[in-house]
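Student: Hi! I'm new to this one, could you walk me through it?
Tutor: Happy to, here it is.

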Amino acid sequence: HGPGIPDDERELIFKKGYRIQNSRSRTEGFGMGLYLARTLIEKQGGKLSLYSDGRNGSRFVIELPVK
């Protein structure tokens, strides 16, 4: 649910310390959650993907290998 993630920020949100433009005025968060999630998932050989049309929320998908 929510406004979705703008096209120009979709890959940026996974960078350390990055916060979406319209959330910077709020005080909560450090911009580390998605960076840490992607880092940990990739270290396990997995993938964290984002699907968002920029208007109607976003969906994150985690793929992990079967060992």
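Tutor: Let's begin with a term: two strands pair if DSSP finds at least two bridges between them. Helices (H or I, at least four residues) and strands (E, at least two) are DSSP runs, numbered from the N terminus. This is a predicted model, where local features need pLDDT of at least 70, side-chain atom pairs count only at pLDDT 80 or more, and totals for chains, interfaces and linings use all residues. Residues are numbered from 1 along each chain as its sequence is written, and side-chain values use heavy atoms, with hydrogens and water left out.

Student: How many bridges join β1 to β2, and which way do the strands run?
Tutor: Six bridges join them, and the two strands run antiparallel; β2 covers residues 58–63. In the hairpin they form, five residues sit between the strands, and G54 takes a positive phi near 80°.

Student: Back to S49, is it buried or exposed?
Tutor: S49 is buried, with a relative accessible area of 8%. Buried means under 20% relative accessible area, exposed over 50%, and partly exposed in between (1.4 Å probe, protein chains only).

Student: And what is S49 in contact with?
Tutor: Contact means heavy atoms within 4.5 Å. Setting aside neighbours within four places in sequence, S49 is in contact with R59, F60, V61 and E63.

Student: Zooming out, how many helices and strands are there in the protein chain?
Tutor: There are one helix and two strands, and from the N terminus they run in the order α-β-β. Of the 67 residues in the chain, buried ones make up 27%.

Student: What is the mean pLDDT of the chain?
Tutor: The mean is 85, and 90% of the residues reach 70 or more. That score is the predictor's confidence in each residue, from 0 to 100. Where pLDDT is low, the predicted coordinates should not be read in detail.

Student: Where is confidence highest and where is it lowest?
Tutor: Helix α1 (residues 33–43) is highest, at a mean of 96, and β1 is lowest, at 92.

Student: New topic: how many salt bridges does a search of the whole structure find?
Tutor: Three. A salt bridge here is a side-chain nitrogen of Lys or Arg within 4 Å of a carboxyl oxygen of Asp or Glu. One of them pairs D7 with R10, with the closest N and O atoms 2.8 Å apart. D7 is exposed, at a relative accessible area of 60%.

Student: Which residue does E11 meet in a salt bridge?
Tutor: E11 meets R38, at 2.6 Å from N to O. E11 lies in the segment before α1 and R38 in helix α1, so this pair ties together parts that are 27 residues apart in sequence. R38 counts as buried, at 16% relative accessibility.

Student: What about R38 and E42, how far is it from N to O there?
Tutor: Their side chains meet in a salt bridge at 3.9 Å. Both lie in helix α1, four residues apart, which is about one turn of the helix. E42 is partly exposed, with a relative accessible area of 47%. Salt bridges that share partners join E11, R38 and E42 into one network.

Student: Which residues make up the largest nonpolar core?
Tutor: Eight residues do: I5, I13, F14, Y18, I20, I41, L48 and L50. A nonpolar core is a set of buried Ala, Val, Leu, Ile, Met, Phe, Trp, Tyr and Cys residues joined through side-chain atoms within 4.5 Å. In soluble globular proteins, nonpolar side chains tend to be buried together.

Student: Where is I13 found, and what does it touch?
Tutor: I13 is in the segment before α1, and I13 is buried, with a relative accessible area of 5%. Not counting residues up to four places away in sequence, I13 touches I5, Y18, I20, L34, L50 and F60. I13 and G33 are 20 residues apart in sequence and 9.4 Å apart in space, C-alpha to C-alpha.
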